[in-house]
Amino acid sequence: MTSAAPHDLVVTQATLADWPVISGWAAAEGWNPGLSDGPAFFAQDPDGFFLGRIDGEPVSAVSVVNHGPDYAFLGCYLVRPDLRGHGHGLTTWKTALAHAGDRTVGLDGVVAQQDNYRQSGFELAHRTVRFTGIAHEQRPAAGVRPAGPADLADIVVYDGACCPADRPRFLAEWLTGPGHRAFVRHDGGRLAGYGVLRPGVDTLRIGPLLADTAEDARALFSALVADAAGREVAVDVPEPNAAGVALAEEAGLRPSFETARMYTGPVRAHARERVFGVTTLELG
């Protein structure tokens with residue numbers, strides 16, 4: 001897919017080799033992406049990333065990752081600071097959105113851009129608040145253990161019940177990415193939640209954190225940060241999940257950033273109450 005625009009902007013699909021450029025821009029904006037986020041989302045949709053270039057030099061980016069036949073997620077909407085205000089971002093946006101077809105598209109919008117997203121047909125679903133702080137030493141909780149290859153099938157099913165789409169290819173990469181630590185919690189023989197901790201640019205990132213109950217989420221949180229005492233961690237909590245907000249506050253984390261989850265249309269029913277921490281604000 002290619003689109004030309006004034007000022008000789010050419011928009012094409014990006015490759016995984018372009019990820020360091022995109023993630024570098026995101027880090028410069030203070031988004032703190034995970035160090036190895038890109039490969040997992042490219043695994044889910046290798047055609048879902050776009051770059052705008054002028055004379056071969058990247059100047060704009062956006063991702064529209066198709067997670068299934070009915071749902072896509074837009075993120076990494078970026079324009080190089082010295083070239084903003086020339087329409088490059090909008091051209092890149094329009095080209096990338098075509099990749100979603102007639103799917104409902106979701107995004108996490110920063111406060112300054114939410115009115116613009118509304119004008120593009122996105123409607124508010126809820127606020128998401130990033131909680132950040134220094135991890136304290138935690139006691140291991142019963143029923144929690146590191147996730148292994150044998151857990152993947154159950155995690156895919158559980159994740160699909162908590163999200164607007166199934167994402168098996170993404171999870172196969174996310175659970176085993178460099179520096180990623182994944183844990184599962186069982187209630188008897190049944191999976192009651194899972195969580196992942198990964199290194200970010202500035203802090204350790206928790207996401208997703210999905211659990212049946214606040215007790216399950218608390219046990220998983222303790223396991224995730226057990227080896228991170230004294231280091232800064234961050235988790236992005238949907239504001240409607242009061243138990244998730246309370247868990248973050250009990251851990252000594254404080255609000256540092258907020259976004260709005262917005263959609264262009266309906267999404268399939270899913271267990272929002274189990275989402276104590278979203279996967280990532282940047283990519284869904």
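Trainee: What should I keep in mind before I start?

Mentor: The model is predicted, so local features need pLDDT of at least 70 and side-chain atom pairs count only at pLDDT 80 or more, while totals for chains, interfaces and linings use all residues. Residues are numbered from 1 along each chain as its sequence is written, and side-chain values use heavy atoms, with hydrogens and water left out.

Trainee: Okay, let's pick a residue. Is R130 buried or exposed?

Mentor: Buried means under 20% relative accessible area, exposed over 50%, and partly exposed in between, using a 1.4 Å probe and protein chains only. R130 counts as buried because its relative accessibility is 5%. You'll find R130 in strand β7, residues 123-134. Strands here are DSSP runs of E, at least two residues, and helices are runs of H or I, at least four, numbered from the N terminus.

Trainee: Which residues does R130 touch?

Mentor: Contact means heavy atoms within 4.5 Å. Not counting residues up to four places away in sequence, R130 touches a list including W31, R205, A234, D236, R254 and E282. Leaving aside neighbours within four places, the contacts of A234 include R130, F131, T132 and L204.

Trainee: Now pockets. How do I read those?

Mentor: Rolling a probe the size of a water molecule over the atoms shows where empty space is left. On a 1 Å grid over the protein atoms alone, a pocket is an open set of points where a 1.4 Å probe fits, with protein on both sides within 12 Å along at least five of seven lines; lining residues have an atom within 4 Å of a point. A volume is the space filled by probe spheres set on the points, which are joined across faces, edges and corners. The largest pocket here holds about 640 Å³, and of its 31 lining residues W31, Y77, L78, Q113 and Y117 lie nearest the centre.

Trainee: Which element gives the largest share of that lining?

Mentor: That's β5, with 6 residues. By class, the lining of the largest pocket has 14 nonpolar, 12 polar and 5 charged residues. Ala, Val, Leu, Ile, Met, Phe, Trp, Tyr, Cys and Pro count as nonpolar, Asp, Glu, Lys and Arg as charged, and the others, Gly among them, as polar.

Trainee: And the nonpolar core?

Mentor: In soluble globular proteins, nonpolar side chains tend to be buried together. A nonpolar core is a set of buried Ala, Val, Leu, Ile, Met, Phe, Trp, Tyr and Cys residues joined through side-chain atoms within 4.5 Å. The largest one has 34 residues, and those touching the most other members include W19, I22, F49 and L78. Apart from it lies another core of 27 residues, among them A135 and V245.

Trainee: How many aromatic pairs are there?

Mentor: Rings of Phe, Tyr and Trp (its six-membered ring) pair if their centres lie within 6.5 Å; planes under 30 degrees apart count as stacked, over 60 as edge-to-face and the rest as tilted. The structure holds 10 such pairs. W93 and F122 form an edge-to-face one, 5.9 Å centre to centre with 65° between the planes. W93 is in helix α3 and F122 in the loop between α4 and β7, 29 residues apart. Ring pairs also link Y77, W93, Y117 and F122 into a cluster.
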